[in-house]
Amino acid sequence: MAATKINANDVKSELEMLRLFFPEYSFKYDGSKISSLKVSYTVNFAVNKDIKDQMQITILTVINSLENSLSLNVTAVGEFKLHNYDNFSEQNVEIILKRNAVSIMLPFVRSQVSLLTTQPGMSPILLPPVDVNAMADANQKQADEKINEG
């Protein structure tokens, strides 16, 4: 198989992460054995009203053991800019900002969870990769159902 040479400038993303930080986390563990974990993600989006091509995304990750021996909450905030904003349709802007930005952030969240749970006497929590498209589709379905109920 022949290798293909690609110029990095030709495939540069229009989406730029300006900043990523973890403003808050809480971790409680009583030292007992953990058999199973429940993990949930809550994603919030805030568009910068003054600068329409920028968005702030907050991901709250909540992990609890079924035995209530472990509780971990991690908040991640990412700030993104979409270059050439006016060249995209509104639908594409939403997909790029919401789905792609979350995809960029989640590996950092996974890493932070592993770092926080790497402690003596405890196996670190290694979160599996997330299908962001499936997560976004499920969120959209829930939003549509709430609209139809109201």
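What is the volume of the largest pocket? In this predicted model, local features require pLDDT of at least 70 and side-chain atom pairs pLDDT 80 or more, whereas totals for linings use all residues. Residues are numbered from 1 along each chain, and side-chain values use heavy atoms, without hydrogens or water.

The largest pocket has a volume of about 380 Å³ (a pocket being an open set of points on a 1 Å grid where a 1.4 Å probe fits, with protein on both sides within 12 Å along at least five of seven lines; lining residues have an atom within 4 Å of a point). Of its 14 lining residues, F45, E94, K98, A136 and Q140 are the closest to the centre. Two or more lining residues come from each of β2 (37–47), α1 (90–116) and α2 (132–149), where helices are DSSP runs (H or I) of at least four residues and strands (E) of at least two. The lining comprises 8 nonpolar, 3 polar and 3 charged residues.

The axes of α1 and α2 come within 10 Å and cross at roughly 125 degrees, with angles taken from 0 to 180 degrees between N-to-C directions. Residues R99, V102, S103 and L106 of α1 meet V132, N133, M135, A136 and D137 of α2, contact meaning heavy atoms within 4.5 Å.

Terms used:
Points joined across faces, edges and corners; volume = space filled by probe spheres on them. Nonpolar A, V, L, I, M, F, W, Y, C, P; charged D, E, K, R; others polar.
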